[in-house]
Amino acid sequence: METLTSEFVRACSLDELKAKGRLVVHGRHPPILLVYDNGRAFALDNRCPHMGFPLERGSVADGILTCHWHHARFDLASGCTFDLWADDVPTCPVEVREPGEVWVKPVFGHADPAGHWRRRLQEGLAHNLDLVIAKAVRGQLVAGVPAPEIIRQVALFGLQNRDGWGVGLTILTAFGNLLPELPEEETYLALFHGARRVAADCESQPPRRDRAPLASRPDLAVLKRWLRHWTKVRHREAAERTLLTAIATGASPAALADLLVSAAADRVYADGGHLLDFINKACECLDLIGWEHASAVLPSVVGQLVSARGAEEATAWRHPIDLVALCEQAAQEIRSLPVAVSGGEPWSEHVGLAEALLGDDPNAILESLKAAMRAGASPSD
Ligand code: FES
């Protein structure tokens, strides 16, 4: 077969296939392996889906094809693998026509490529199979699925199949933020590595149990007070239902972020700062996949929110110098600073503030913060 075609083409005589048991059909398509077994002809891609070993060199017994490189086994009729790490072999239609000729249709595609690879991504994530994840991400990109949609699929999988935010979701979100800056060939790598880290985080983990919002709709000030209280007394379920209720009221992204950050900031440097990182990344994740998923994403940080230890509970922060008392004093000073009236010049000293924060001079930090407050910089600045 020399021309690329989507029509059936004659491959060989049935007698020849019966005599040889298997043969490979070459052409302008991937090599096709024809196998005769138990009175039937089968046609499969000759390249092992695991690492490309020629399947013509494998064994066939009782309807099962075995690749001889890493011993993956495949159902001859469907190409489905018995060894999930190897992935399925693509098959193509084959017919035996009178008077004893074998015809194949050299097409390995899927009727709905995007849907096929979306399902395969879910399977790859569920079983933590790098090879399947890699192919499914690539397959979706080739099928024209936008990268943010793939981020959404992976993020929602990670949120449903693990009881809490994990490092994989942080990595996925960080890569998602980078996507607009990445060249096309690196988009694939970013998505793949984000997805595989999420899958690894979910392996052997209990899935998340959904909780419901309250049936009432208290206003945000009440919900904020409640969330801080439940966080303080470490009551996860109550905190989660309170947060879900705030989401159900239609609170804005800024209000939801404020709710979580306020509760987290009641403990000094909670969880070594990781808690704020997680909350920040969860909000960034929603910026990527859409805030309509807030009830799936934000509760994932509540476990850490209520269990986080504050620095005020650690001796290292209390002795020989009471750092917590110093922080509280600095906070008081900042609060007492006059704030510029709105409508003034926008504050633009971000670089100076960042350098002060990264340095080790507490006075420089305080002066930079004071300058920002005087200029009326908002939290988003
Ligand atoms: S290449 Fe076939 S099992 Fe690895």
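**Labels and their grounds**

G144, which follows α3, has a positive phi near 90 degrees. The model is predicted, so local features need pLDDT of at least 70 and side-chain atom pairs count only at pLDDT 80 or more, while totals for chains, interfaces and linings use all residues. Residues are numbered from 1 along each chain as its sequence is written, and side-chain values use heavy atoms, with hydrogens and water left out.

Q: What makes β5 and β6 a pair of strands?
A: Two strands (DSSP runs of E, at least two residues) pair if DSSP finds at least two bridges between them; β5 and β6 (residues 64-66) are joined in the antiparallel sense over three bridges, and therefore count as paired. In this pairing A61 stands opposite I64 of β6.

Q: Why are β5 and β7 called edge strands?
A: The open sheet runs in the order β5-β6-β7 with antiparallel pairing, and β5 (59-61) and β7 (73-75) each pair on one side only.

Q: How do you know that the length of α4 agrees with that of a helix?
A: The expected span is 1.5 Å times one less than the number of residues; for the 14 residues of α4 (residues 147-160) this should be 20 Å, and because the end C-alpha atoms are 20 Å apart, the two agree.

Q: Why is α4 described as mostly covered?
A: Buried means under 20% relative accessible area, against over 50% for exposed and in between for partly exposed (1.4 Å probe, protein chains only); 10 of the 14 residues of α4 are buried, among them I150, F157 and L159.

Terms used:
Helices (H or I, at least four residues) and strands (E, at least two) are DSSP runs, numbered from the N terminus.
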